[in-house]
Amino acid sequence: MSAIMLFFSARAELRSWTGLFLLLLISSASLPVSAKPDSLKEVTDGDWEKIMTGEWMIEFYAPWCPACQQLQPVWKEFANWGDDMGINVAKVDVTEQPGLSGRFIITSLPTIYHCKDGVFRKYQGARTKDDFLSFVDEQKWKSMEPVSSWFGPSSFVMNAMSALFKLSMFIRRCHNYMTEQLGIPVWGSYVIFGLVTLFAGLTLGLLLVFIADYVFPSRRFSSHNYYQKKQAMEQARLIQNQDEDQEADGEEDDEDDEDEDQDGVWRKRRGSPEGRPEPKGQGYLDEALRKRVVGNREEDEEDS
């Protein structure tokens, strides 16, 4: 009887160990096969300078982009090989990092860049895991033209572009807040932004004028003898104007005298067609002849 009980207890203990082994096997099989949970890195506006050292493959994507959604599984598989190949695989969400979107001039999604010690090249090949691996392993990136230093992400131009993209995203968020949270109409939001832009432009222009006047003061106004020279020049100009007026008055007087002389000569020569003076008494004869003609006309009128 004791032997039978011992047999059943051993059998029950074997079943328990078998169940525990199967449970462990199922739980281990359900775990995902991956190299490391943090093999796919994320780059933000705050720590993007870390990609300037080492070798990187960076994907720029957006959550709403269908092509980006199709690439994500392949990109994660490629990231799992990153540590074995000595390369950093990262991604950038352009909707959350507008500064990086402007810094790299992202015009299409997804966009992939290869970076080696601060030298950037835009990936143009096929988008499969094997193509990514061969691109890095065979160093195919050496045959590609790198991005010009003038348009590199660390250049002054791209820094300004990054600030512009950040500003545009900030304005968009402000617009959404005013229209959705505060209930301001869309046209009201546009008017507010227009007034703010106008005021900011006037303030910036005035500030630039003050800075330019302070850094580069005018030599004319900074001279100690400026006002003395200005007064002397005004006096010289006034004297010159007076001299010119006097000369003009003298010329007018001379012209008047010449006109009077010409009138006198003309009066002397007017009576004679040949220019000789009229004979004396010629005026009296003309007057008598005129009176005789008038008298004859009056007699004819009385007779009629």
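This is a predicted model: local features need pLDDT of at least 70, side-chain atom pairs count only at pLDDT 80 or more; totals for chains, interfaces and linings use all residues.
## The largest pocket

The largest pocket holds about 200 Å³ of space. Its lining consists of W64, V94, T95, P98, S101, I106, L109, F165, M169 and R172. By class, seven of the lining residues are nonpolar, two are polar and one is charged.

α4 (98-103) and α6 (156-181) each supply at least two residues of the lining. α6 gives the most, with three residues.

## Nonpolar cores

The largest nonpolar core has 19 residues. Within this core, V43, I51, W56, F60, L100 and F104 have the most contacts. Three strands, β2 (55-61), β3 (88-93) and β4 (111-116), each supply at least two residues of this core. The largest share comes from β2, with four residues.

I51 shows the packing in detail. Leaving out residues up to four places away in sequence, I51 touches V43, W56, I58, F104, C115 and F120. Another core lies apart from the largest one. This other core has 15 residues, including M57, L71, I112 and L133.

## Helix α6

How does the span of α6 agree with its 26 residues? At 1.5 Å a residue, α6 should span 38 Å. The C-alpha atoms at its ends are 37 Å apart, so the two values agree.

In α6, the residues M158, S162, M169, H175 and M178 are buried. The buried residues of α6 pack against α4 and α7 (186-215). M169 is one of these buried residues, and M169 also lines the largest pocket. Just after α6, G183 takes a positive phi of about 75 degrees.

## K91

Is K91 buried or exposed? K91 has a relative accessible area of 15%. The cut-off for buried is under 20%, so K91 counts as buried.

K91 sits in strand β3. Not counting residues up to four places away in sequence, K91 touches L40, K41, E42, V43, E59, Y61, Q72 and W75. V43 in this list is also touched by I51, and V43 is among the residues with the most contacts inside the largest nonpolar core.

Definitions and conventions
Residues are numbered from 1 along each chain as its sequence is written. Side-chain values use heavy atoms; hydrogens and water are left out. On a 1 Å grid over the protein atoms alone, a cavity is a set of points where a 1.4 Å probe fits but cannot get out, and a pocket is an open set with protein on both sides within 12 Å along at least five of seven lines; lining residues have an atom within 4 Å of a point. Grid points are joined across faces, edges and corners, and a volume is the space filled by probe spheres set on the points. Ala, Val, Leu, Ile, Met, Phe, Trp, Tyr, Cys and Pro count as nonpolar, Asp, Glu, Lys and Arg as charged, and the others, Gly among them, as polar. A nonpolar core is a set of buried Ala, Val, Leu, Ile, Met, Phe, Trp, Tyr and Cys residues joined through side-chain atoms within 4.5 Å. Buried means under 20% relative accessible area, exposed over 50%, partly exposed in between (1.4 Å probe, protein chains only). Contact means heavy atoms within 4.5 Å. The expected span of a helix is 1.5 Å times one less than its number of residues.
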